Amino acid sequence: MTDWTLFSNPAPLINMAARSLARLGERRVKAFGFSIGQMPVIYLLRGGAAMSQKELARFAKIEQPSMAQMLARMERDGLIRRTPDPNDGRSSLISLTEAALKKLPAAREALDEGRDEALAGFSEDEVATLLGMLRRLNENLDRMVAREVE
């Protein structure tokens, strides 16, 4: 039996990096009235798009009940608005408010500064390699999740 070394397995290393990035990102976006957990929704709606809760949950890979809770908080905080979906009277479309859109450039700049600091010492090629590997990893994981759902 081989020794199980925490730092020789990618999963705990990725998990630790993700937690640290989320914690540091939370500190950076909090000043603008956002939370790091909201960033996938903000990213998806950043260009003035309007999407249904179901679409947001699917693209952000968040369960529907969690997405509903997040959107309720975002609406309460004046970050999103809901408008009736012209194609489905029972549904609404979610978009960012003007207030959220105005805060977005500064929040993005704060996150970019954090990314740059986290990647200090990495060459452009190393960053490109890391991104490619993480994309492939996520594609593999998406396929695994899809098989479990079937």
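Reply: Happy to; what follows takes the labels one by one and sets the values against the cut-offs. Please keep in mind that this is a predicted model.

Me: Thanks! How many helices and strands are there, and what pattern do they follow along the sequence?

Reply: The chain has 6 helices and 3 strands. Read along the sequence, they come in the order α-α-β-α-α-β-β-α-α. The C-alpha trace spans about 60 × 40 × 25 Å along its principal axes, and 21% of the 150 residues count as buried.

Me: How do you know that the span of helix α1 agrees with its number of residues?

Reply: Helix α1 covers residues 10-30, which is 21 residues. The expected span is 1.5 Å times one less than the number of residues, so α1 should span 30 Å. Its end C-alpha atoms are 30 Å apart, and therefore the two values agree.

Me: What makes one side of α1 a buried face?

Reply: The buried residues of α1 are P12, G25 and V29. Seen down the helix axis, the buried residues fall within an arc of 165°, so they line one face of α1. The face turned away from that side carries the exposed residues R19 and R27. Among the elements covering the buried residues of α1 are α2 (39-45) and α5 (98-118).

Me: Why is N9 called a cap of α1?

Reply: A side-chain oxygen of N9 lies 3.1 Å from the backbone nitrogen of A11, at the N-terminal end of α1. The cut-off for a polar contact is 3.5 Å between N or O atoms, so this N9 pair, at 3.1 Å, qualifies.

Me: Which residues are closest to the centre of the largest pocket, and which elements line it?

Reply: The largest pocket has a volume of about 2,100 Å³. It is lined by 39 residues, and those closest to its centre are A18, L21, R115, L131 and L134. Elements giving two or more residues to the lining are α1, α2, α3 (53-60), α5 and α6 (124-149). The largest share, 11 residues, comes from α1.

Me: Let's turn to α4. How do you know that its buried residues sit on the same side?

Reply: The buried residues of α4 are M67, M70, L71 and M74. They cover an arc of only 100° around the axis, which puts them on the same side of α4. They pack against α2, α3, β2 (80-85) and β3, whereas the face turned away from them carries the exposed residues P65, Q69 and R76. The span of α4 agrees with its number of residues as well: 13 residues should span 18 Å, and the end C-alpha atoms are 18 Å apart.

Me: Why is T97 called buried, and what is it in contact with?

Reply: Buried means under 20% relative accessible area, and T97 has 13%, so the label applies. T97 is found in the loop between β3 (88-96) and α5. Leaving aside neighbours within four places in sequence, T97 is in contact with G78, L79, I80 and R81. For G78, the backbone oxygen lies 2.7 Å from a polar atom of the T97 side chain.

Me: What makes A107 and S52 buried?

Reply: Both values fall under the 20% cut-off: A107 has a relative accessible area of 0%, and S52 has 11%. A107 lies in helix α5 and touches F32 and F34, not counting residues up to four places away in sequence. S52 is found in strand β1 (residues 51-52); beyond its neighbours within four places in sequence, S52 is in contact with S91, S92, L93 and I94.

Me: Why is K61 called exposed, and what is its phi?

Reply: Exposed means over 50% relative accessible area, and K61 is at 54%, so it counts as exposed. K61 lies in the loop between α3 and α4 (64-76). Its phi is positive, about 60°, although K61 is not a glycine. Most residues other than glycine have a negative phi. Just after α4, G78 also takes a positive phi, of about 75°.

How values were computed:
Residues are numbered from 1 along each chain as its sequence is written. This is a predicted model: local features need pLDDT of at least 70, side-chain atom pairs count only at pLDDT 80 or more; totals for chains, interfaces and linings use all residues. Side-chain values use heavy atoms; hydrogens and water are left out. Helices (H or I, at least four residues) and strands (E, at least two) are DSSP runs, numbered from the N terminus. Buried means under 20% relative accessible area, exposed over 50%, partly exposed in between (1.4 Å probe, protein chains only). The arc is that of the directions from the helix axis to the C-beta atoms. Contact means heavy atoms within 4.5 Å. A polar contact is a pair of N or O atoms within 3.5 Å; within protein, one must be able to donate a hydrogen and the other to accept it, and residues adjacent in sequence count only if both atoms are side-chain atoms. On a 1 Å grid over the protein atoms alone, a cavity is a set of points where a 1.4 Å probe fits but cannot get out, and a pocket is an open set with protein on both sides within 12 Å along at least five of seven lines; lining residues have an atom within 4 Å of a point. Grid points are joined across faces, edges and corners, and a volume is the space filled by probe spheres set on the points.
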